[in-house]
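Please read the points below with the structure open beside you, and check each one against the residues as you go.

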Amino acid sequence: MLNDSSTPLLLLATRRSGKPRDLVAPGPDAAQLDTILQIAARVPDHGKLAPWRFVIVAPEQRAALARVITDACRAERPHASAKELESLEQFAHQAPTLVVVLSSPRIDSPIPLWEQQLSAGAAAMNLLQATHALGFAGGWLTGWASASDAVRDAFGAAPERIVGFFFLGTPAKQLEERPRPDTSKIISHWKG
């Protein structure tokens, strides 16, 4: 069973993201989403900077998000096909709940930027873990929109960056496992 929340260790061992296009209602309600975001913020954070932010995109704002993304694409990629633009329109309307996670570094801090970015990634992962622990599924998407300054500017400003778009909901179909790395190829023991 994937996303088995019967114990914390089983949840970690069986964690599987859901494909945003396959996530349907119900999504987390307001109280559950608040819990998810409170847990997302409980990550290593050298200097206690909270170098990340969460922006909730309400269902009634999805059309506006689609316009932001497609307008940015037209401006940045004038040769984008109609199919690409349609795909970006659909992107904004996936799953019942959407949270945009931003890396929001404190440039004036002595804490290295890399550490602040790692903390933002940890917050993003905690967001997914909490979503799965509550019985929902989440999908973390990036792609062109997350790298676009114009899309980022709809949520914040430089030096912030979009960590990802987090689509949350209930899987419409059974989650399937995906290939995982062979740990014998990614784990080594330092010999000094």
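1. Leaving out residues up to four places away in sequence, glutamine 129 touches Leu11, Leu12 and Arg15, where contact means heavy atoms within 4.5 Å. Glutamine 129 is found in helix H5; helices (H or I, at least four residues) and strands (E, at least two) are DSSP runs, numbered from the N terminus. With a relative accessibility of 16%, glutamine 129 counts as buried, a word that here means under 20% relative accessible area, while exposed means over 50% and partly exposed lies in between (1.4 Å probe, protein chains only).

2. Before going further, please note that this is a predicted model, in which local features need pLDDT of at least 70 and side-chain atom pairs count only at pLDDT 80 or more, whereas totals for chains, interfaces and linings use all residues. Residues are numbered from 1 along each chain as its sequence is written, and side-chain values use heavy atoms, with hydrogens and water left out.

3. Where does serine 104 sit? Serine 104 is placed in the loop between strand E3 (97–103) and helix H5 (113–133), and it is buried, with a relative accessible area of 8%. Apart from its neighbours within four places in sequence, serine 104 is in contact with Pro51, Trp52, Arg53 and Glu160. The side chains of serine 104 and glutamate 160 are joined by a polar contact of 2.7 Å, that is, a pair of N or O atoms within 3.5 Å; within protein, one must be able to donate a hydrogen and the other to accept it, and residues adjacent in sequence count only if both atoms are side-chain atoms.

4. Helix H2 (residues 30–40) deserves a look along its axis. Leu33, Ile36, Leu37 and Ala40 of H2 are buried, and they lie on the same side of H2 because they cover an arc of only 95° around the axis, the arc being that of the directions from the helix axis to the C-beta atoms. An α-helix has 3.6 residues a turn, so residues three or four places apart point the same way. Ala31 and Gln38, on the other side of H2, are exposed.

5. Which elements cover the buried residues of H2? The cover includes strand E2 (52–57), E3, H5 and strand E5 (161–171).
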